[in-house]
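Look at the structure below and keep the sequence at hand. The paragraphs after it go through a few parts in turn.

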Amino acid sequence: MTQNAPKQKNIALLLTGGGARAAYQVGVLKALAQSMPRTSPLPFKIITGTSAGAINCAGIACYASCLHLAVRKIEYVWKNFNTEMVYKSSFSGVFGHIFKNMLRSFQADYINQPPASLLNNAPLRKLLTDVLDLSRIDTNLHRHYLEAVAITVSSYSTGKSVAFYQANNAIPWQRSKRMGIPDPISLDLLMASSAIPMLFPSVRVRHHYYGDGSIHQLSPLSPAIHLGADKIFIIGVEQPKLSVPIGYEPHFPGMSVVAGHLLDSVFSDTLQSDIERLERVNRTVSLLPAREKHKELKRVDHLIVNPNLNFNEIADHYYEDLPLAMKVLLRTMGVKKHSPSSLTSYLLFERTYTQKLIELGFEDGMERLDEIRTFLELD
């Protein structure tokens, strides 16, 4: 490299959470992979993920030396999904789990109870054990296919958003309500980051209890920036809003609608706020004289890809593919076919639905491929 050659930028990939919606991310990455040589490594030096996006993040990081292989590995799992691979969905698995939780509530307080949840996601732990070799992340870091990998979780003990990261060079950080801690990416961290509140149980990691990384994540871009990103490529799962005419609404929103809104807020709203904050910082940096620029106020560019179709409408089309026990459970919460709630779109881990989301992600990725490749400096 000559002395005047520009410094190579650190480009980060950010995968957000969203339960079964995360299949969409696979499709976008598949479109990118098909535009690159078959032996190309990842075009991202930094990978960060939250919730289901954290699982995709780990899967890609394990095969960072070859983008095509990484995408094929995670695509195979998502294309062959069924609900029983994520949580127990039989009548005994669903209602037996709920009944056990009810019985435990009558036990003495001094007994150390297992974490309570609506669903039992033990099958997900087995799946991740079978398909992920997390030791490969350290190898890819050592060979500089990656510079950093971060998984975000939410602490039920402290109320903070915690990013656990593996990196070649990074300094732990501490900010209001968020922090970064160096620690190897583990199965427990992935289970914790994807533990959707109330639905899946919390996980104990190093004497603290953690849940879905999106809960307390007020600044989703923070881990990538702290790990040295100059650019952040974001694959989100925020669906376009349906246009609802303003007028008289005769019914109160039911519990299912409220629950769906809560999940939508947890997984999407903070990201948009953080992007607005990033854009304001970038404008501020552009106005500063060169001598007054500070490394903590460097410009960080971003590109976000979100679906152009509504996940709720797609999930409604495949509602009948849900296991019968889950349909009964959701019906008790007011969720049924043609329901306005978005709960189904998060919990429908059936291949018909996930394959459709992969197709949608691929179409969106191909439509914006030139823009993506320019942003990633691949041309």
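The model is predicted.

Start with the charges. Side chains of opposite charge can pair when their charged atoms come close. The structure holds eleven salt bridges. In one of them, the side chains of Lys126 and Asp130 meet at 3.0 Å, N to O. Both residues belong to helix 5 (residues 122–131), where they are four residues apart, about one turn of the helix. Lys126 counts as exposed because its relative accessibility is 56%, and Asp130 is exposed at 53%.

Helix 3 (residues 67–79) has a salt bridge with the partners Glu75 and Lys79, at 3.9 Å, N to O. These two are also four residues apart, so about one helical turn separates them. Glu75 is buried, with a relative accessible area of 11%, whereas Lys79 is partly exposed at 33%.

A further salt bridge links Lys298 and Asp230 at 3.3 Å, N to O. Lys298 sits in the loop between helix 9 (255–287) and strand 10, and Asp230 in the loop between helix 8 (222–226) and strand 9, so the pair ties together parts 68 residues apart in sequence. Salt bridges with shared partners also join Lys30, Glu75 and Lys79 into one network.

Next, the strands. Strand 9 (residues 231–235) pairs with strand 10 in the parallel sense over five bridges, and Ile234 stands opposite Ile304 of strand 10. In strand 10 (residues 301–305), four of the five residues are buried.

Last, the surface. A patch of positive charge gathers Arg38, Arg72, Lys73, Arg136 and Arg143. Of these, Arg72 is found in helix 3 and is partly exposed, at 43% relative accessibility.

Technical notes:
Residues are numbered from 1 along each chain as its sequence is written. This is a predicted model: local features need pLDDT of at least 70, side-chain atom pairs count only at pLDDT 80 or more; totals for chains, interfaces and linings use all residues. Side-chain values use heavy atoms; hydrogens and water are left out. Patches are made of residues with over 30% relative accessible area and no salt bridge: like charges are joined within 9 Å, nonpolar side chains (Val, Leu, Ile, Met, Phe, Trp, Tyr) within 5 Å. Accessible areas come from the Shrake-Rupley method with a 1.4 Å probe; for residues, only the protein chains shown count as cover. A salt bridge is a side-chain nitrogen of Lys or Arg within 4 Å of a carboxyl oxygen of Asp or Glu. Lys and Arg count as positive and Asp and Glu as negative; His and the chain ends are not counted. The place of a charge is taken as NZ of Lys, CZ of Arg, CG of Asp or CD of Glu. Buried means under 20% relative accessible area, exposed over 50%, partly exposed in between (1.4 Å probe, protein chains only). Two strands pair if DSSP finds at least two bridges between them.
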